[in-house]
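This briefing covers a few local features of one chain, grouped by topic.

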Amino acid sequence: MSETYDVVIIGGGPGGYNCAIRAGQLGLKTAIIEKRGVLGGTCLNVGCIPSKALLHASELFAAAKNDFAKLGIKAGKVELDLPAMMGQKEEAVEGLTQGVEFLMKKNKVDYIKGFGKIAGPGKVEVDGEDGKTQTLDTKNIVIATGSQPTSLPNIEIDEERVVTNTGAIALKEVPKKLILIGAGVIGLELGSVWSRLGSEVTVVEYLDRILPGADDEIAKEAQRTFKKQGLDFQLGMKVTGVEKMSDKLKLFMEPAKGGDEKVLEADAVIVAVGRVPYTEGLGLEAIGGKTNKRGVIETTDHFKVTDGVWAVGDCIEGPMLAHKAEDDGAAVAELIAGKAGHVDYNLVPSVVYTNPEIAWVGKTEAQLKEAGIEYKKGKFPFMANSRARTNHETVGFVKILADAKTDRILGAHMMGVGVGEMIHEICVAMEFGAASEDVARTCHAHPTMSEAVRQAAMGVEGWTMQM
Ligand code: NAI
């Protein structure tokens, strides 16, 4: 007779595998089902990790080409070896996916390769990689099926010339002309990579700004900076189609507000217009689960779909971010084990891994204004930070927003080299309900980029000292 699991998790991305690890730690009998053949999901296989491997390598390539001489380093002729660059990316991915598999074993989680489907309450059917079907009995089902890229009408993705993030991290040569549809996170990160490797990059965006969701001031500064780096922005333009010619691609667009059609030519097009939850063939109906208009699985309080069925990560509400999914996953394992499990989405940081990086947490100025919350702000530019000046990395600033009456920190917005690491100081502060003065009076090592965070916090009460 087959055993009954405490938890069966469908999907082996950051949401699923972190749920599995935590469930294993808590002594729950756990299985995880993944159809990709490897664990890690979008993040490890075709998202966060490979893109960061290329961002890092292309940054060093650009630095060797453009900046080393200024630092007194003679490097000779700097050349790109794209296959080797792709190779180190694949090595990073492989090492980490194997690492996740090891963590499953370490935490006594059964890893089942195949397509998982809910067959009814407490039942998950798996179409195995080996062609066999089995049904698992379980007290709890956790849906962690993630998301997939969306496209636009009249655009056929082939992952060779017209690509999503998947194809964009594996192009076989540097496209001479590259068009990005969507000036969101994926567009800007991958656009930066290929621009540094030599592509002429045009970013076409429907809105009249880049990075929806980011603070307006940050988005403006980012656009100025990326423009200087060579990215061309076509804002307020709606893409209506891409036509494939034998040697070229033609992209058709028109002003979002109406007007004449324009045509651009390119060698490759990256489509990065957002992602949607992946729930195809999941069998949600078998347990009475529902999705909303955007395909998001509806959950009641704290990740519950129905009794004994939970959902985490990109397929439910909240930001589509790996670290949010990780936290959801761990929280659900704790709830199943009878503990408290909660994730505060207001404190999930966002990081755009461009150079310089962009990072934020909490509310933007626009959100505070809309909510009618009175706030004070402190701002400090990296131009006035001694470490940034020493390193010749002076682009960007730190801005801290605090409640006008209580001084409690409500949000922080940063752009600068390494801010993806620095944002966490504010996450911790906000988690503890800190006032801006708490950060302002915390001793920060000198000379560090992080001092800009302290100076910005001082600025909230108007006593910035180094400017
Ligand atoms: P996104 O939602 O960040 O940006 C999509 C952009 O496409 C928006 O600016 C939108 O206005 C634009 N757009 C939509 N339709 C268009 C049209 N017809 N013509 C021109 N522009 C159009 O989505 P993205 O960049 O695809 O990323 C997907 C998800 O993956 C996001 O939730 C993102 O947060 C996540 N992600 C996070 C990363 C990170 O945390 N560093 C890295 C990569 C992805």
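In this predicted model, His392 is exposed, with a relative accessible area of 58%. His392 sits in the loop between helix H10 (386-390) and strand E21 (397-403). Its phi is near 60°, a positive value in a residue other than glycine.

**Positive phi**

- Most residues other than glycine have a negative phi.
- Glu159 belongs to the loop between strand E6 (147-149) and strand E7 (162-163).
- With a relative accessible area of 30%, Glu159 is partly exposed, whereas His392, at 58%, is over the 50% cut-off and therefore counts as exposed.

**Cis peptide bonds**

- Most peptide bonds are trans.
- Asn355 and Pro356 are joined by a cis peptide bond, with omega of about 0°.
- Pro356 is placed in the loop that separates strand E18 (350-352) from strand E19 (357-362).
- A cis bond also leads from His446 to Pro447, where omega is near 0°.
- The loop holding Pro447 runs between two helices, H12 (436-440) and H13 (451-460).

**Strand pairing around E3**

- Strand E3 (residues 109-120) pairs with strand E2 (residues 30-34) in the parallel sense, over five bridges.
- Within this pairing, Tyr111 in E3 is the residue opposite Ile32.
- E3 is also joined to strand E4 (residues 123-128), here by six bridges and in the antiparallel sense.
- Asp127 in E4 stands opposite Phe115.
- E3 and E4 make up a hairpin, with two residues between the strands.
- Gly122, in the turn of this hairpin, has a positive phi of about 70°.

**Nonpolar cores**

- In soluble globular proteins, nonpolar side chains tend to be buried together.
- The largest nonpolar core contains 48 residues.
- Met104, Val142, Ile143 and Ile297 are the residues with the most contacts inside that core.
- Leaving aside neighbours within four places in sequence, Met104 is in contact with Tyr17, Ala20, Ile21, Ile32, Leu39 and Val109.
- Another core, of 38 residues, lies apart from the largest one, and its members include Leu54, Val193, Ala222 and Ala268.

Key
Residues are numbered from 1 along each chain as its sequence is written. This is a predicted model: local features need pLDDT of at least 70, side-chain atom pairs count only at pLDDT 80 or more; totals for chains, interfaces and linings use all residues. Side-chain values use heavy atoms; hydrogens and water are left out. A nonpolar core is a set of buried Ala, Val, Leu, Ile, Met, Phe, Trp, Tyr and Cys residues joined through side-chain atoms within 4.5 Å. Buried means under 20% relative accessible area, exposed over 50%, partly exposed in between (1.4 Å probe, protein chains only). Contact means heavy atoms within 4.5 Å. Two strands pair if DSSP finds at least two bridges between them. Helices (H or I, at least four residues) and strands (E, at least two) are DSSP runs, numbered from the N terminus.
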